[in-house]
Amino acid sequence: MICRVLLASPVKQHEGILSEFLTSIIRLETSGVALDYIFIDDHNDHHLLSRFAKERPNVRILPGDTKTKSTYLCDESTHHWREDLIWKVAGYKDKFIEIALDEGYDYLFLVDSDLYLNPKTLTHLLSLKKDIVSEVFWTRWKPELIPLPQVWMEDQYTLYESRREPLSEAEITKRTQEFLHMLSQPGTYKVGGLGACTLISQQALRRGVSFGELYNLGLTGEDRHFCIRAAALGLELYADTYYPPFHIYRESELDKLQEYIENLSCAKTQATPFSEIVQLEINNETSVGISRLDQSQVNSKQRIIPGRITLGMLVHNESGRYLERVLKQATEYIDHAVLLDDASEDNTIQLCQEILQGIPLTLLSNEEPQFYNEILLRKQLWEMAVSTHSEWIIILDADEMFEEDGPKQLRELLEYSSDIDYVSFRLFDLWTENYYREDSLWQAHKWYRPFIVRNIPDFQAKWQETPQHCGRFPMNITDLRGSTSPLRIKHLGWVRPQDRLAKYYRYKKLDPNGTYGNLEHYRSILDPTPHLVQWKQ
């Protein structure tokens, strides 16, 4: 399904800076996207925009306001804003909102004309499925200052969360440093304010977001009024740090831009360090041995074994649940099992050894549970799986299994999949053994998601760096060649009421504000009368 996006920008810009901005937006990756452009020409003394529009059919240029008398000044120190200029720009942005709504765009992408965007910016922001999200960039607002982000936590530009709590200077410094450190790491984070490179969903537009002035708010800048209004409308604001743009804040920074562009062309994602943990190598020919996992072995070039399938799985206190059913089915189609035990306190490890007897098994056991930071576990499991050299990697949770004839179909499917690199399936949330849940918040079975990925040597994994709901695979596997299968997957983890209650409390503990998930979805777990649909063979 094609996603319609309107990229919009009010433009009053130096010719050299604008030229770089225009170059970057036409280099944006647009797979699955129908991208249109709209600009307001705010009395520029050059003709770059008109030439840009003549070369492309999907560009519109609107005239700027002639009533505002103040002149917008930029120099080598900073940008000089006056109140009437701020609200003129606010009017321009609200005009873009009006057009995006009237013409039914799925998203409005507001971008300042002094940014040079990473080509992956748009498709990545769309993949996050957030109503309002900005890509973070860093700027020296004055030459003598340190670089700071264009996103913040509270008020005008407070770079820490206080919630009206009286704080000492030491605590303020500590929280500010923590916020800046967080934004220096790849991830997507909930913030209090943002702007300049912002993707806004149609849902948010329909809610009534606006850059118009809130008459009883003393904060300066149309972005502040937009963010306050959005929060009041129940919308959350997110900052993403995966693909930071280059901010051409001064003409003198055009030289530095070239270094940024060169880095884009040769940048490579480095593998995340694989922490040392005790490895229990178990197979049908050798006894259990204990050794340290060698980093060089993990990162060494792989010799892929054609046709071989490795199952990867996280386990934790699985005794008496679904592990036995899941692993018994897996023995029918896998050649190797890789299990990461997150400090189980029951006999989970023994169960795994017994059920998988006769199948090569790599089992690692953490001394302390780490599921509060799921991304660490997912990275560990991925590195373990790729190091088995199997051609295919299947990653399931300990409460997920294919439907009854899955093992036979899987072997046949992968045998004839030389032209694809991953396979996506539908996951059904079973509420009883014979019924799955279906309502506005429970629709996983309507979407295909990857469960099987080809093991590609030297593949550079990129992850969604969030402590919860980070995904079982690297996020960039969808850049590969994929296909879908009608074979279904059963998610059994909701069948028992005690499991549902345990998951509810776990989500409340690990994600109390719904930063990484959906609070309404969490609350719906305890719905006493959910809508159920019968599972049919």
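Trainee: Which residues form a nonpolar patch on the surface?

Mentor: Leu501, Tyr505 and Leu526 do, with about 290 Å² of accessible area together. Patch residues have over 30% relative accessible area and no salt bridge, with like charges joined within 9 Å and nonpolar side chains (Val, Leu, Ile, Met, Phe, Trp, Tyr) within 5 Å. Areas come from the Shrake-Rupley method with a 1.4 Å probe, and for residues only the protein chains shown count as cover. Before we go on: this is a predicted model, where local features need pLDDT of at least 70 and side-chain atom pairs count only at pLDDT 80 or more, while totals for chains, interfaces and linings use all residues. Residues are numbered from 1 along each chain as its sequence is written, and side-chain values use heavy atoms, with hydrogens and water left out.

Trainee: Why does Leu526 count as partly exposed?

Mentor: Buried means under 20% relative accessible area, exposed means over 50%, and partly exposed is in between (1.4 Å probe, protein chains only). Leu526 has 40% relative accessibility, so Leu526 counts as partly exposed.

Trainee: And why does Glu345 count as exposed?

Mentor: Its relative accessibility is 73%, so Glu345 counts as exposed.

Trainee: What makes Arg321 and Asp499 a salt bridge?

Mentor: The term asks for a side-chain nitrogen of Lys or Arg within 4 Å of a carboxyl oxygen of Asp or Glu. For Arg321 and Asp499 the N to O distance is 3.6 Å, and their side chains meet in a salt bridge. Arg321 lies in the loop between β17 (305–315) and α10 (323–330) and Asp499 in helix α14 (residues 497–510), so the pair ties together parts that are 178 residues apart in sequence. Helices (H or I, at least four residues) and strands (E, at least two) are DSSP runs, numbered from the N terminus.

Trainee: Why are α3 and α7 called oblique to each other?

Mentor: Angles under 35 degrees count as roughly parallel, over 145 as roughly antiparallel, 65 to 115 as roughly perpendicular and the rest as oblique. The axes of α3 (residues 83–102) and α7 (residues 222–232) come within 9 Å and cross at roughly 50°, and α3 and α7 are therefore oblique. Axes are lines fitted to C-alpha atoms, for helices over the stretch in contact, with angles running from 0 to 180 degrees between N-to-C directions.
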